[in-house]
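Subject: Handing over a structure, with notes

Hello,

I am passing this structure on to you, and my notes on the backbone follow below it. Please read them with the structure open beside you.

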Amino acid sequence: MVDGTAPGDLAGEPAAAERPRLDRADPATYPEWFRNKKPRANLIVARWVPIALVGLPVLVLFCIVVYPTVWMFYHALHDTNMMRLFQGNWNFIGLENFATVLESARFGDSIVHLGIYLTFGACLQVILGSILALILYELVKSNFLRVVFLVAMVLPMMLPPSIVGVLWKFLLTPSNGAINQALLNLGLIDQHIEWFNAGLSLWTIIIADVWNWTALPLLIVYSGRVSLPPAVYEAARVDGAGAWTTLRRITLPMLKEVIAIAFIVRFMDAFKFVDLVFIMTSGGPAQSSELPAYIAFQRGIREFAIGEAAAYAILIFAVSAVLIILFLKYLKKVLKAQGFA
Amino acid sequence: MARVSLRDVNKIYRSRHDEVHAVSDLNLTINDGEFVAILGPSGCGKTSTLRMIVGLEEITSGEIYFDDVLVNKLDSQARNVAMAFETYALYPNFTVEENLAFPLEVRGLPQPERRKRAREIAELLRIDDILNQKPTALSGGQQQRVSLGRALIRDPAVFILDEVMSHIDAHLKFQMLFDLKSIHQELKKTMVYVTHDQVEALALADRVAVMSNAELQQVGSRNDLYHTPSNVFVADFIGEPPTNFFDAELFTGDNGTVLRVPDSDIVFQLDQGHAQRIARWNERELKVGIRPQSLHLGGDSARPALEAEVAINEYLGELSILTLASGGRSFRALVDADTAAQRGDRLRMHYALDDVMVFSAKTELIIL
C-alpha cells in the first residue's frame with residue numbers, strides 16, 4: 001500500500017529536525033565530510049607517463065617473450081648449433097629439423113612416455129585430488145581440522161621441484177632407501193626394488209610427481225565444493241536423498257566443470273614437465289623416461305643443437321596451443337551456461 | 001498426515017562473541033490437515049521455527065512432535081516433510097522436469113511414472129512450457145514455482161512452504177493463492193506457510209500465528225487477529241493501513257467516562273460497561289487503537305465521532321486513505337474513493353463503540 005507520510009510527521013513532531021535538509025543544487029548543504037574531501041592529485045602529469053606505464057611492460061614482454069619466440073621459429077628452419085651460432089654461420093635447411101625430430105625413435109618413445117605420464121600421472125592426480133577434497137569437505141566438519149589437513153596436504157606443492165626430486169631420489173635409493181627398507185620390513189617384498197631401472201624409472205617419476213602435485217587439483221576441487229550453494233544440499237536432505245545419491249546426482253554433476261579445469265591445468269603442465277625428470281633420472285636409463293620437453297631442454301641447453309631443440313619446442317607449442325584453444329572454448333561454454341558471458 | 005506440536009521450543013544461535021535468541025518458548029500445535037501461516041516481520045524467528053520443524057536446524061531446547069512421535073533427533077529424511085525454499089534451492093544441473101521428479105527418483109519410482117507426475121504438477125503450477133529448461137534460464141517467479149512444485153509432488157506428512165510467493169508478480173500471485181488454497185482443500189494435508197505478507201497469510205491459512213521478536217504473539221483466525229488482537233503489535237501489524245494509536249487516559253466528566261488524548265481535543269466515547277472494565281484494570285496510561293476501516297464519513301451526527309481536518313488524500317483506486325489532523329495528532333481513515341475531500345476540509349469521522357481497542361500502555365496487552 002501507499003505509505004507516503006507517517007502520520008507523526010504531519011503533526012509537526014520534529015522527526016529529523018536536527019539534520020539540515022540536503023539540497024542537491026546547493027553544495028553548501030552537503031554534509032561536512034563530503035565538502036571536506038580533498039581532490040586527489042592528478043595521476044597523469046605528463047604525456048610520457050601513460051606511454052611509459054604501458055610501454056615498459058610491453059618492452060620487457062617483448063624482450064623475454066616475443067623476441068625469443070621469433071628467434072626460435074627462425075632457428076627451427078636453420079642448421080644452427082653452438083659452433084655455427086658463435087661463428088654467425090648458419091644455413092637455411094627448410095623443414096629438415098622437423099623431419100629429423102619426427103622420424104627419430106627418441107621422439108616417438110617420448111610421446112609414448114608422455115601418454116603414460118598423462119594417464120597415470122596427471123589423471124591420477126586429479127582423481128586422487130578430487131577424492132581427497134570431497135572426503136575433506138564431507139567428513140571433516142571442524143573448520144580448524146579442515147585447515148590443518150589442507151595445509152598438510154598442500155605442503156608438498158610448496159616445495160621447489162629440485163627439493164622434491166632430491167627427496168624422492170633419496171627415499172627411493174634401491175640399496176638402502178627408506179621406502180625399500182620399509183617395504184622389506186613389512187614383508188611386502190623380499191628383495192630391493194630397482195626404482196631407477198629402465199622399466200620403472202618413468203613410474204618412479206610419476207610417483208614423485210603425484211606426491212608433489214595432487215594438492216593442486218585438491219585445492220581446485222575443494223574450493224569448488226565450498227562454493228556450492230548449501231541450500232541445494234538442504235533441499236536434497238528434505239527430498240530424502242542419501243549421501244551416495246547426493247554425491248552421484250548432485251555434487252559430482254555440479255563439480256563437473258571444476259574437475260575438468262583441474263584436468264586441463266595438469267595436462268598443460270605436463271607438456272612443460274622437465275624438472276623432476278632432469279633431477280631424478282636425467283631421462284635415463286637409456287632415454288627410458290624422457291618426455292618431449294625434456295628432450296628439447298637436453299638437445300638445446302645441454303647439447304646446443306639449437307635448430308633441433310627449436311623444432312621440438314614448436315611441436316610442443318603446437319600441441320599445447322590446440323589444447324589451450326579447446327580449453328578456452330570449453331571455459332566459454334561453462335561460463336555461458338552459468339550466465340557469466 | 002500429521003499433527004505437528006511444538007512445546008517450549010527455543011532456538012539460540014551461538015557464535016564466539018554473540019548469542020542470538022531467535023525463537024523463544026514457542027508453543028504451537030498445528031492440527032492434522034490444517035493450513036497454518038506463520039506471519040511476522042523479517043528477523044522475527046519464523047524461518048528458524050520452520051527449519052526446526054523440517055529438521056535442518058538443531059533445536060536448542062524444547063520438543064517437536066509429529067503426532068505422538070518426538071522428532072527432535074530425527075533427520076529431515078526420517079521426518080518425511082516436503083519443503084519449498086525461499087531461495088528456491090533448485091538443482092542447477094537438472095532440467096525443470098528432473099528437478100520436479102527428484103524426490104520421486106530418490107524414492108525409486110520408475111521413470112514413466114515420474115515423468116507423468118512431473119507433468120501433472122507442472123501443469124497445475126503453469127510451468128509445463130519450461131520443463132526442459134535449466135533453472136538458470138528461468139525468472140525468479142518461475143524458479144519459485146518449480147521449487148513449490150518439487151515440494152507438492154510428494155506425499156509427505158507435512159508441507160512446509162517458506163515465502164514461496166515472494167518473487168511472483170502480483171497478478172499471478174492472486175491466481176496462485178487460489179490454486180494453493182484449492183490444492184490444500186483437495187489434499188487435506190497439514191501445511192505450514194511462512195510469510196511476511198499478511199495478505200497471503202490471511203487469504204490462505206485456517207489459522208495465522210503472528211510472531212515478533214522471537215516470540216509468538218497470537219494464534220488465531222483472521223477474525224480473532226483483526227477484532228481481538230492480543231496486543232499492540234498484532235493490532236498494528238495486521239490490517240492495512242496500520243491501526244491508528246493514541247496515548248490516552250480515562251476521564252470522567254459530565255457525559256460519563258471517556259478516553260481523552262492528553263494535549264489534544266480528541267476524545268473517545270465509551271460504552272459505560274466497557275468503561276467499568278477498563279477502570280478495573282487500574283491502569284493510568286492507556287493506548288487506544290482504532291482501525292482506519294472503522295472510521296466512517298457521514299451519517300447520524302449523534303453517533304460518536306472524531307472531528308479533524310484533512311491533510312492528505314491518497315487515492316488508491318477503490319478506496320482512498322485520508323490522513324487527518326486534529327489538535328497536533330494525525331490519524332488515517334479509509335474512505336470511498338468518490339469522497340471529494342480536500343486539504344483543509346473539516347470532517348466528522350464516525351465510529352462504532354465496539355471498534356475502539358484499548359491497550360495497557362505499559363504491557364501493551366489488550367484490555368478491551
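Chain B has an average pLDDT of 87, and 100% of its residues score at least 70, where pLDDT is the predictor's confidence in each residue, from 0 to 100. This is a predicted model, in which local features need pLDDT of at least 70 and side-chain atom pairs count only at pLDDT 80 or more, while totals for chains, interfaces and linings use all residues. Residues are numbered from 1 along each chain as its sequence is written, and chains are lettered from A and ligands numbered from 1 in the order in which they are written.

The model scores ipTM 0.80 and pTM 0.76.

Most residues other than glycine have a negative phi, and most peptide bonds are trans. B:Glu240 and B:Pro241, however, are joined by a cis peptide bond with omega about -5°, and B:Pro241 sits in the loop between α9 (232-237) and β11 (244-253) of chain B.

Two residues have a positive phi: B:Asp8, near 45°, which lies in strand β1 (residues 4-14) of chain B, and B:Glu364, near 65°, which is found in the segment after β20 (357-360) of chain B.

Best wishes

Technical notes. Helix = DSSP H or I, 4+ residues; strand = E, 2+ residues; numbered from the N terminus.
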